[in-house]
Amino acid sequence: MTARPSPLVEAYRASHPRSLALWERAARAIPGGITHDIRHLRPFPVYVERGKGPLKWDVDGHEYVDYWMGHGALILGHCYPAVVEAIQLQAARGTHLGGCHELEVRWAEVVSRLVPSAELVRFTMSGTEATHLALRLARAHTGRPRVVKFHGHFHGWHDGVVGGVNPPFDVPLSSGVPGAMLDQVLLCPPNDIKAVDALLERGDVAAVILEPAGGQSGTTPTIPGFLEELRALTTRHGVVLIFDEVITGFRYAPGGAQAYFGVTPDLTTLAKIIAGGLPGGAVTGKRPIMSLLAHRGDPAWDRSERVAHAGTFNANPLSAAAGIATLEAVADGSAQARANKLGEELRRDLADVMKRVGVPGTAFGESSIYHVSFEGRPGLAGFDRPRRQDLYHLLRCGLLLNGVDCSLFHGWVSAVHAQEHLARTVKGYEKALEAMAAEGCFKGM
Ligand SMILES: Cc1ncc(COP(=O)(O)O)c(C=O)c1O
């Protein structure tokens with residue numbers, strides 16, 4: 001943040017008194033006042049009261065066109081009628097039945113039908129749990145310890161994937177992770193098949209995990225041909241290829257990025273859209289690997305060779321109900337086609353606005369995701385230096401003042417956004433960027 005008071009921040013403060021009051025209470029009750037690192041916003045976040053379709057409203061009565069969309073979970077927007085109805089129906093029948101139930105079977109069946117690699121499905125409660133389980137499965141399957149992960153790719157917050165997320169890539173995302181754990185993860189620049197090959201030659205690699213469309217929701221896009229090469233290379237080395245489709249699953253296509261790019265991994269991790277806006281995730285994949293989770297009635301296997309997995313709320317009936325309703329609504333691909341088209345228009349219009357206002361950087365992305373960058377487009381290896389956090393925080397304040405909300409670097413377009421919302425969004429960006437330019441934010445860049 002600039003040393004002198006920013007008129008934009010002052011205006012933001014003045015127009016969000018109730019959010020400020022809640023944040024002051026939150027800061028006394030919750031570390032840092034927030035419950036997910038990515039919700040950190042200077043000077044304070046807005047507190048949201050409700051959402052409907054592509055819109056949401058905060059406690060101060062402001063209306064926003066929403067591109068957070070449940071961190072990418074809500075491809076059908078807030079409160080999609082069929083999803084609300086499914087949740088309400090199930091809530092009245094029980095939220096946790098302490099046992100197996102028909103909805104989990106139907107949920108697994110619809111996932112198997114849509115996702116090419118999904119021969120079997122195991123539900124988790126989040127994407128983080130899904131990648132954790134997928135890596136465990138890969139290690140059990142191969143008997144090898146190490147995992148190849150790419151710079152700039154995000155797979156949740158567990159110890160096994162905190163290496164190499166943000167530059168500088170040799171500093172893990174979090175402290176508190178033992179070096180012995182970090183040593184199990186071999187970091188690699190994205191899109192560099194020769195570097196992957198050299199790592200697989202070591203002979204101790206269980207899995208290669210990646211976001212198939214590129215790290216951090218496609219911020220560093222995967223170059224054409226790389227997935228095919230990776231598929232061939234991992235097969236040759238007997239290494240498990242894991243596509244982390246927490247973001248791309250059911251968004252790039254009903255069958256996710258693997259259907260969109262036509263490359264089938266061994267294991268796939270899913271979350272967000274799969275659970276229709278409720279908590280949930282899954283690991284899916286090839287039968288021989290997934291079957292490591294199954295009891296066989298052989299005490300030695302069941303006790304010491306099987307892959308263990310538990311979780312009180314796995315496949316809970318509410319998430320299953322919301323997930324089925326959502327997946328059935330997006331199964332024919334028309335929701336994705338609509339969202340993709342809007343995404344393309346928005347990226348083009350935002351790039352135009354940035355040019356017009358004279359802002360360094362651009363807007364880019366694929367499918368129904370857009371990224372706004374003050375550092376230009378990433379190179380093949382991604383952003384190799386830390387991004388200008390101060391500018392992104394100021395932009396978000398400016399957007400919130402002008403009726404738009406999104407995550408710090410990107411937004412997710414839903415199938416229920418319309419031209420009218422896009423027009424408001426482009427105007428909102430224009431005003432926010434003009435205000436930043438007037439404050440001298442982009443001087444010397
Ligand atoms: C690609 C990817 N993998 C895993 C995760 C972690 O998912 P969750 O937040 O459900 O734990 C995320 C979260 O945004 C993600 O983007």
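This is a predicted model: local features need pLDDT of at least 70, side-chain atom pairs count only at pLDDT 80 or more; totals for chains, interfaces and linings use all residues.
Colleague: Let's start with the overall layout. What makes up the domains of this chain?

Modeller: The domain assignment gives domain 1 (7–78 + 333–438) and domain 2 (82–330). Their C-alpha centres lie 27 Å apart, and the contact takes 26 residues from domain 1 and 27 residues from domain 2.

Colleague: Which elements give two or more residues to the side of domain 1 that touches domain 2?

Modeller: Those are α3 (69–72), α15 and β13. Of these, α3 gives the most, with three residues.

Colleague: Now T269. Why is T269 called buried?

Modeller: The cut-off is 20 or more other C-beta atoms within 10 Å. T269 has 31 such neighbours inside 10 Å, so T269 counts as buried. This residue is in strand β10 (residues 267–271).

Colleague: What is T269 in contact with, leaving aside its neighbours within four places in sequence?

Modeller: Among its contacts are G127, A130, T131 and A134, and also I242, D244, E245 and V246. Then there is F123: T269 and F123 are 146 residues apart in sequence, yet their C-alpha atoms are 9.8 Å apart in space.

Colleague: Which residues touch the most other members of the largest nonpolar core?

Modeller: That core has 114 residues, and V111, A207, V208 and I242 touch the most other members. Helix α14 (residues 317–330) gives the most to this core, with eight residues. The core also draws at least three residues from each of domain 1 and domain 2.

Colleague: What surrounds V208, leaving aside its neighbours within four places in sequence?

Modeller: V208 is in contact with V148, V196, L230, T234, V239, L241 and I242.

Colleague: How do you know that strand β7 is mostly covered?

Modeller: By going through its residues: β7 (residues 205–210) has six residues, and six of the six are buried.

Colleague: And what makes β5 and β7 a pair?

Modeller: Two strands pair if there are at least two bridges between them. Strand β5 (residues 146–150) and β7 have four, in the parallel sense, so they qualify. One example is K149, whose bridge partner in β7 is I209. β7 also pairs with strand β9 (residues 240–244), again in the parallel sense over four bridges. There, A207 has V240 of β9 as its bridge partner.

Colleague: Why are β12 and β15 called edge strands?

Modeller: The open sheet has the order β12-β13-β15, with antiparallel pairing. β12 (362–364) and β15 (410–412) each pair on one side only. The twist averages 20° from one strand to the next.

Colleague: Which helix lies across β12 and β13?

Modeller: Helix α15 (residues 334–357) does, running at about 170° to β12.

Colleague: What makes the crossing of α5 and α14 left-handed?

Modeller: The label is for a near helix turned anticlockwise from the far one by less than a right angle. Helix α5 (residues 102–114) and α14 pack at an angle of about 35°, with their axes 9 Å apart. α5 passes α14 in a left-handed crossing, which means the turn is anticlockwise. The residues in contact include W107, V110 and V111 of α5 and A320, I324 and L327 of α14.

Colleague: Which backbone angles stand out at N191 and F250?

Modeller: Most residues other than glycine have a negative phi, and most peptide bonds are trans. N191 has a positive phi of about 65° although it is not a glycine, and F250 likewise has a positive phi of about 65°. N191 is in the loop between β6 (185–188) and α8 (193–200), while F250 is in the loop between β9 and α11 (256–261).

Notes: Residues are numbered from 1 along each chain as its sequence is written. A nonpolar core is a set of buried Ala, Val, Leu, Ile, Met, Phe, Trp, Tyr and Cys residues joined through C-beta atoms within 7 Å. A residue is buried if 20 or more other C-beta atoms lie within 10 Å of its own, exposed if 12 or fewer, and partly exposed in between; C-beta atoms are placed from the backbone. Domain bounds come from an automatic or database domain assignment. Two residues are in contact if their C-beta atoms, placed from the backbone, lie within 7 Å. Axes are lines fitted to C-alpha atoms, for helices over the stretch in contact, and angles run from 0 to 180 degrees between N-to-C directions.
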